Structure formats: structure tokens, C-alpha cells
Amino acid sequence: MNPSVGALLTRIEFPLLLAGLVIAGGLWGFVELMELAQATTPHAFDTQILLAFRHAGQPNSPIGPAWLQGAVRDITALGSTSVLVLITTATIIYLLLIRRAGTALFVFAAIAGGQVLSSLLKLEVDRPRPDLVSHLVSETSLSFPSGHAMLSAVTYLTLGSLAARFLPDRRTKIFVLCLAVLIAVLVGISRVYLGVHWPSDVLAGWCAGFAWAMLCWLAARLLQRRKMVADSD
């Protein structure tokens, strides 16, 4: 390896490198999926996966036992506006009570910014909801990207990364971050099972959500160094 390249790599922290890769990969993936979403007819990738969640030849009959539908609705609620607003508000109030106004403002800006970005992207692409299968819940907004997938990624990763800075050891930090990712993944899958999103909508939501969350994480590190956001002490 070139000595200058090796010296550069030693100065770059692994988390920063990983965040940069997530942002770049997320942006690239979103652009590719947006081109797919703007096509006049659904891609085979979308139709095949969406139909895989229904019994063969029965687009109105989801796979799995009867109780699974209720469980999936419960999971999808974790990415609903009501739940995310409740969690975010509770977090902000707690931060204000412990006199961390700068951190509270950052949390609000990161999550509210994700909401605004999601709404703008939906208007830009203007993709209708899939009509290939029945919808197991009622939805009226546009389809691309999945707001549930994007905002659950933004909210849970932002709060997870914030909480991880205050945890005592690496194992608990990894657990919290993995839990945040798992919730975002489950919420996204639930949207496809319920028939209210094409798989590419969900993938695009994850791409945009993870990229935005990592961008906010980088901003938090910069603000922390400037003492505008509280550190773990």
C-alpha cells in the first residue's frame, strides 16, 4: 500500500468512513430506484415480490395465519407519524428537562428535516400506490419513497446513535444501533406485506433514511466538537 494512502487511512476513524459509505451508497441506490419508480409500468422485481406476499392467484389473500395480519399492522405502526411524533416529543422534552437544549434542537431538526425531505421526494416522483394486490390498511398519500421506511430509519437511527454515545460499553452500543436498524427493516417489510408499497418504494425509503441519519450523525459529531451538542460526559 502506498505510504501516503496508509497514513490517510490511519487518520480516518472507521465510524466516519462507514458513515461516508452509507451516505454514498444510499444516494446511489435512491437515484437508481427513482428511475425505476418513474417507469410507465411496474418492474418485474416489484411485481414478483409483492405477489410473493399473496397466495398464488389470490391477490386479496395474504400469506400466513390470520394473526399475522394483526402483528404486521402493529409493526407498521412503529413507523407511523403518530408513534414517531410521540417518541420524538418525549425525547425532546427529556433533553430539555436535563438542560440539553442544543441536543434537543438537533433531534428536532434531524427528524423534522427527514419528514420534510420525505414529503418533497413524494411530490417530485408522484408515484401512485400499487393496485396489483389488495391494501390491508388504508393509505391516501403518494407511494415513493415509503415514508414509514424512511422516517423509521431516520428516527430510530438518530435516537439510537444519540443513546449509544451515553452507553458504557461497545456491546450495548452495538445492540442499540442494531435494534434501531431492525425496527426500520421490519417496518419497511410490513409495508410490502400490507400491499401499500412497491418493494422499490421501501428500498428507496431505506436508502434515503439511512443516508439522512448518517448525515445527521456526522453533523452531530461536528456540533459536539464545537460544544453545541452534549457529549457523553
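Modeller: Happy to. One term first: a polar contact is a pair of N or O atoms within 3.5 Å, where, within protein, one atom must be able to donate a hydrogen and the other to accept it. Please keep in mind that this is a predicted model.

Let's start at histidine 197, which sits in the loop between α8 and α9. The side chain of histidine 197 makes a polar contact with the side chain of arginine 129, at 2.9 Å. A further polar contact, at 3.4 Å, joins the side chain of histidine 197 to that of aspartate 201. Histidine 197 counts as buried because its relative accessibility is 1%, and the cut-off for buried is under 20%.

Aspartate 201 leads us to the charged side chains you asked about. Side chains of opposite charge can pair when their charged atoms come close. Here, Asp46, Arg127 and Asp201 are linked in a network of salt bridges. Because aspartate 201 lies in helix α9 (residues 199-225) and arginine 127 in the loop between α6 and α7, the pair ties together parts that are 74 residues apart in sequence.

Arginine 127 counts as buried at 5% relative accessibility.

The model has four salt bridges in total. Among them is one between glutamate 139 and arginine 191, whose closest N and O atoms are 2.6 Å apart. Glutamate 139 is in the loop between α6 and α7 and arginine 191 in helix α8 (residues 170-193), so this pair ties together parts 52 residues apart in sequence. Arginine 191 is buried, with a relative accessible area of 1%, whereas glutamate 139 is partly exposed at 25%.

Now for the wider setting. The unreviewed UniProt entry lists transmembrane regions, including residues 75-97 and 174-196. In the model, residues 174-196 are 87% helix and 0% strand, and the end C-alpha atoms of that span lie 32 Å apart. For residues 75-97 the end C-alpha atoms are 30 Å apart, again with 87% helix and 0% strand.

Isoleucine 93 is found in helix α5 (residues 81-97) and is partly exposed at 44% relative accessibility. Together with Tyr94, Leu97 and Ile98, Ile93 makes a nonpolar surface patch of about 420 Å².

Strands β1 (residues 54-55) and β2 (residues 58-62) run antiparallel and are joined by two bridges. They form a hairpin with two residues between them, and glycine 57 in the turn has a positive phi of about 75 degrees. Across this pairing, arginine 54 stands opposite proline 62 in β2.

How values were computed: Residues are numbered from 1 along each chain as its sequence is written. This is a predicted model: local features need pLDDT of at least 70, side-chain atom pairs count only at pLDDT 80 or more; totals for chains, interfaces and linings use all residues. Side-chain values use heavy atoms; hydrogens and water are left out. Buried means under 20% relative accessible area, exposed over 50%, partly exposed in between (1.4 Å probe, protein chains only). Helices (H or I, at least four residues) and strands (E, at least two) are DSSP runs, numbered from the N terminus. Two strands pair if DSSP finds at least two bridges between them. UniProt positions are given in the numbering used here, feature names are shortened, and annotations may be inferred rather than shown by experiment. Patches are made of residues with over 30% relative accessible area and no salt bridge: like charges are joined within 9 Å, nonpolar side chains (Val, Leu, Ile, Met, Phe, Trp, Tyr) within 5 Å. Accessible areas come from the Shrake-Rupley method with a 1.4 Å probe; for residues, only the protein chains shown count as cover.
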